[in-house]
Amino acid sequence: MFDDMIRDLFSLSFDFLGININVGDIASTITQFANFSTMKNKNIFTIAKTCYDIVLPVGLSLLTLFVMIKFIKEVLEVNKLTWERVVMIGIEFFIYKALIDNSFRFLTTIMNITSNLYTSVTNAIAVSNVATGTTVGNAMAEFCSGGMVKQCCLLIVVLILWIGIMGTMIGCITQVVMVFAKIILGFATAPVPLAMGMNDNGGANTTKTFIMWMCSLGLEYILMMICTKIYSVGMGTVTSDLAGGIKVFFANALLLAMISFCSPLAEKLTGGR
């Protein structure tokens, strides 16, 4: 009696940022979001370029300010002032200026490298044999069978499981989308942390940390892909009983926990924090 409704519940899908999000095929959904080569061509990524063009003059202004402060310090220390130190400041300025002027291209190169690595890992550990929404829906529909009273009671159990599965699914997708949002913010504000490299008060560490943080975002996608592979292997087949529904719920909860751990792990591996 409730077969079609249950199958529809476990096969819900909607579009977000041009990506089809399927409740019952979470592995495929994460794979689409985690592919930077695809996501960078989405219209949403134009926000990064627009904001970057606005922030670029700010970064160059900060760079000029830090250079002036350095020159003033050198002039005030007359006994230590040498032409070599002045030339080194000038060389350092032009290096950072070139880096800031080409920061968008520089970060794109970093993300392309991590994206190529992501593709290699994806091909090596191909995610397959994951229970889809149709499979889970059919199993739960078969589980919710029998007499009228029995079906109504079992439907309540299935709905409780569905709410849990939906919650973990949304949590996983939120984590994945958050990484892409961080990438957009990183591209948009890149000139400022790169300009901090000219600041004598720990500015070089700020620039280094920012670059490694961007690398960690690309690595985070790779870690998420590995987590998705673990999820796909763990899922296997779904049986048409209560244990099958609990198995799906547990697998999604485990995937959420693993994906949540990817961000701090990637930052530790790259030193981007």
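A polar contact is here a pair of N or O atoms within 3.5 Å, where within protein one atom must be able to donate a hydrogen and the other to accept it, and where residues adjacent in sequence count only if both atoms are side-chain atoms. The model is predicted, with local features needing pLDDT of at least 70 and side-chain atom pairs counting only at pLDDT 80 or more, while totals for chains, interfaces and linings use all residues. Residues are numbered from 1 along each chain as its sequence is written, and side-chain values use heavy atoms, with hydrogens and water left out.

Such a polar contact, of 2.9 Å, links the side chains of Lys-70 and Glu-92. Lys-70 belongs to helix α4 (helices are DSSP runs of H or I with at least four residues, numbered from the N terminus), and its relative accessibility of 11% makes it buried, a term that means under 20% relative accessible area with a 1.4 Å probe and protein chains only, whereas exposed means over 50% and partly exposed lies in between. Beyond its neighbours within four places in sequence, Lys-70 is in contact (heavy atoms within 4.5 Å) with Ile-89, Glu-92, Met-198 and Asp-200.

Helix α4 itself covers residues 46-76, and its 31 residues reach 46 Å from first to last C-alpha, close to the expected 45 Å, which is 1.5 Å times one less than the number of residues. Shortly before the proline Pro-57, α4 has a kink of about 35° at Ile-54, the bend being the angle between axes fitted to the seven residues ending there and the seven starting there. Among the buried residues of α4 are Tyr-52, Leu-63 and Glu-74, whereas Cys-51 is partly exposed at 30%.

Technical notes. Helices (H or I, at least four residues) and strands (E, at least two) are DSSP runs, numbered from the N terminus.
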